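Please look over the structure shown below before reading the dialogue.

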Amino acid sequence: MADMAAAIISERMQFNSEDASALAKELRVGFDSGKTRSYQWRASQIEALIKLTQNHEEEIVRALYSDLSKPHTEAFVHELAANLSVVLIFVLSLIMAVEEPRRVFDAEAASSLMKELRGTFASGKTRSYEWRVSQLKTFLKLLDDHEQEIVDGLLSDLSKPPLESVVYEIGMLKNSCKVVLKELKHWMKPEKAKTSITTFPSSAEIVSEPLGVVLVISAWNYPFLLSLDPVIGAIAAGNAVVLKPSEIAPATSSLMAKLLGEYMDSSCIRVVEGAVDETSALLQQKWDKIFYTGNGRIGRIVMTAAAKHLTPVVLELGGKSPVVVDSNINLQVASRRIIAGKWGCNNGQACISPDYIITTKDYAPKLVDALKTELEAFYGEHPLESKDLSRIVNSNHFARLTKLLDEDKVSGKIVYGGERNESKLRIAPTLLLDVPRNSMIMNEEIFGPLLPIITVDKLEESFDVINSGTKPLAAYLFTNNKKLKEQFVKTISAGGLVVNDTTLHLAVHTLPFGGVGESGIGAYHGKFSFDAFSHKKAVLYRSFLGDAALRYPPYTNTKLRVMKALIGGGILGIIRALFGWS
Amino acid sequence: MNSSIALEREVEELREYYESGKTKEASWRETQLRGLRSFLQEKEEEIFKALEKDLRKHHIEAFRDEVGTLIKSLNLALSSLKQWMSGKKAKLPNIALLSSAEIVPEPLGVVLIISSWNFPIGAVAAGNTAVLKPSELAPACSALLASGLLSYLDKKAIKVIQGDPEVVKQLLEQRWDKIFFTGSPRVGRIVMSSAVKYLTPVTLELGGKCPAVIDSLSSSFDREVAVKRILVGKFGTCAGQACISVDYILVEKSFTSVLLDLMKVWMKKMFGENPRELKTVARIVNKQHFLRLKNLLADQRVQESLVYGGSMDEDNLFIEPTIMVNPPLEAAIMTEEIFGPLLPIITVEKIEDSIKFINSRPKPLALYVFTKNQSLQRRMISETSSGSVTFNDTIIQYAADSLPFGGVGESGFGNYHGKFSFDTFSHEKAILRRSFLTEFWFRFPPWTVNKHQLLEVAYNYDYLGLLLVLLGLRRFKGRGSSV
């Protein structure tokens, strides 16, 4: 703003009242946007001032000398400015800290937020096609305008490789938006339903109506995608929505709060940042749907809270997603696809990452060799240094993973990798062969760069291994054997199955994405997201004509006979009944 | 404790049987559905007797609302089963060359159905094993299901467990793959809270106060039809003891007397001068509910609003069809689901005001609107929320297999009927099949600027762009250094 105003002044020699009013107007727009209110903005401006004085010291001194003939101001200006700025920042942080308690998000704040959003929803604003489309278009613009910031945020939270961020987080979101923008009109149209003779004459349709005010609680591993993909669904279906991003990815969380605040319609789309207290405050409210992505433990807390208000939930959880590898396959392609799904997706910190491999005893050594070769081709000899791998999100998870690795019966099974760097929170891609089934690593979701390989005598046994555990979110099979494929689809229960690849089903918006059993409840993506946030309202139109006396009391036996004929079908039966022949 | 262990064992047996894969076979499902149909056809008399005993329900009403509807559902399930069971192809972009995607329905496993008369049609059609817990408030029906039904079905897959709320509590402690509950919001909350332990998905079919909005119809023919349909939707559905019974009427003040007169005429025609003698109206299910209803009427201000009926026979648990005009809105009769033969009429200045009235209360399971005004129809659909909306009739949406039946908000979630029942008891499994042949090398690290660009155009399904990049004809814009 200041630069622009300065430019105006220097361009024209005279600064008149018109200019002044334009300037004031422009600054007001800037102020109204709320930009100047944040602590970050204030501090950054003051820092910029310090930089200004440092970089342009000489010029300032010269100007002062020419205006006031003040000599020897060099040191003075520099120090004063620097000291002043430091003091200012300090004072500012104090003031903001005093303000802080007022901004804590407690039950009261949650309830007033809910009241406000209910009001907006009741106004009907979010129901119109135009509002939904305009919000999604604005969101696409947000993604275009701030790609670099998003990539930086993910880099800071997870050291996520920029390409992964652009493709899996931003790219997927853009795709979701585009699908909605293309299909929404069609989705919103009431779906005609057939009517039968029992209700003749009538017509029926199924109307998708928004549920109301919904809550999205998301995860830290794909903090951008997993937060905003459900939000897109909620908007597409015409709901008001509150997003609670994960506090474990703080940079992305605050970036989303900032960007959504700037771009989206804040009367119906809100971000509440925070951890346990804020989440509890939110969960006390009566929502019309809660969409949670994360683990089963918190999923249970969410569902318990939802039960109080009879709120339907979608729970996107995880599980141990197995990969079954047959012999007689293109081993290089298979290994690459396993690596892309495991380490190439946030270094194994994804809910659909391959968790463990099952293969035959004979084939295991070949598979290990192929994986080693490809891993080295992808991440080099020093994977701890590779910029193409995310880091472990925090020290808690680092400790959890090293504990899995250091268990006595497991530590000797490492056949590749195993290196770690605690200060940088990095663990190299690690392969383990023949870990015991009762080890910790085989009894919890790994969610990191460790990949155990289990061996069986015959591949068919792998299905029993999988079915003896809880139902995973995904299951993968590499084979050319048609019968095995059929068997796999028939006997393995999982959220989704992929044959001869990993994780790709996530990107197919025509497939529902969601778990079953321990891996979750409900599904989303594409039209399924729209459906997850809609109520399917049955609408039946009847005319006043076509009334059948047989529906009404007083009841007689003829009425019963006709009804039976109607239900049994067949026009002959109806005629016979009407004539009293049966 | 003993019974709890026995119960655990029974559920365990069902799980073992499910895991044997038997129930997944199409032929097994068909046999069970046929068995259910034979039971209904062969035991019709016994069913009527049980309903008569429990509720004094007239056998024609019983056929129309229970046996007949069930047979119709079974016929549909039998004729559609193959189609329902086959997977649906899902579209893929051309870029996913040599790949295919489909959605395959698979059974959920062992399911629990808690309700009065719900047949396990959907559960069986979808290939699950199931426990039915019929309502203890209708003991004759419950006993009939337990003794009669099972001889028509595979006992290893379907069990009927009778008992009181304590049994329900024990059942809820078991691990289920789905719980389907029909009943009150209060118990619904308990069911959902217990489902948390094993993350069991639930369908809750609850009730609510279903309003019937009656516009000031001008033709006398229409008025008559509307009145008949409302009366049958209230007093003819187990004396109002159904979750989709009309709970109260909304009407314009100026139309009230016309409506009321017509209602009185038709009440007499349908139910006679002395409804108790004609046996057309069912009785109240038990003493407790009788007293609850009696209590609703006891309120002095409600008494003052009575315009028709109001007599009660405590010994026979019978309540005469009763109408009142404008009882106080804060009285229990207007805040609780009535679930009985009492019908309040609430007047509004303009019929459009009923939208606000409906929206200020919990979302009902059904909304009935009698009007020929199309703009009012449109407003009712888009500005109110309910499980279903039926124009110019009552109850029959229940019989439309092509419509999902279920609530929203306080009236529940999840739905069933026809194909929706099958879906309710199925998991839609996503299947993606790939070949080893097509492969984009740019899917894999180490990441380069070029791969980045290729992935981006591939994600946008921009085929021309992909070609240009491959030929090196398109330059990468911006961002390059960061990758």
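Q: How should the model and its numbering be read?
A: This is a predicted model, in which local features need pLDDT of at least 70, side-chain atom pairs count only at pLDDT 80 or more, and totals for chains, interfaces and linings use all residues. Residues are numbered from 1 along each chain as its sequence is written, chains are lettered from A and ligands numbered from 1 in the order in which they are written, and side-chain values use heavy atoms, with hydrogens and water left out.

Q: What span should helix α2 of chain B have?
A: Helices are DSSP runs of H or I with at least four residues, and strands are runs of E with at least two, numbered from the N terminus. The expected span of a helix is 1.5 Å times one less than its number of residues. For the 17 residues of α2(B), residues 26-42, this gives 24 Å, and the end C-alpha atoms are 24 Å apart, which agrees.

Q: Which residues of α2(B) are buried?
A: Buried means under 20% relative accessible area, exposed over 50%, and partly exposed in between, with a 1.4 Å probe and protein chains only. The buried residues of α2(B) include Trp28(B), Leu33(B), Gly35(B) and Phe39(B).

Q: Where does Arg337(A) lie, and what does its side chain reach?
A: Arg337(A) lies in helix α14 of chain A, residues 331-342. Arg337(A) counts as buried because its relative accessibility is 0%. Its side chain reaches the backbone oxygen of Ser435(B) at 3.0 Å.

Q: With which side chains does Glu106(B) make polar contacts?
A: A polar contact is a pair of N or O atoms within 3.5 Å; within protein, one must be able to donate a hydrogen and the other to accept it, and residues adjacent in sequence count only if both atoms are side-chain atoms. Glu106(B), found in strand β2 of chain B, contacts the side chain of Ser493(A) at 2.3 Å and that of Lys429(B) at 2.7 Å.
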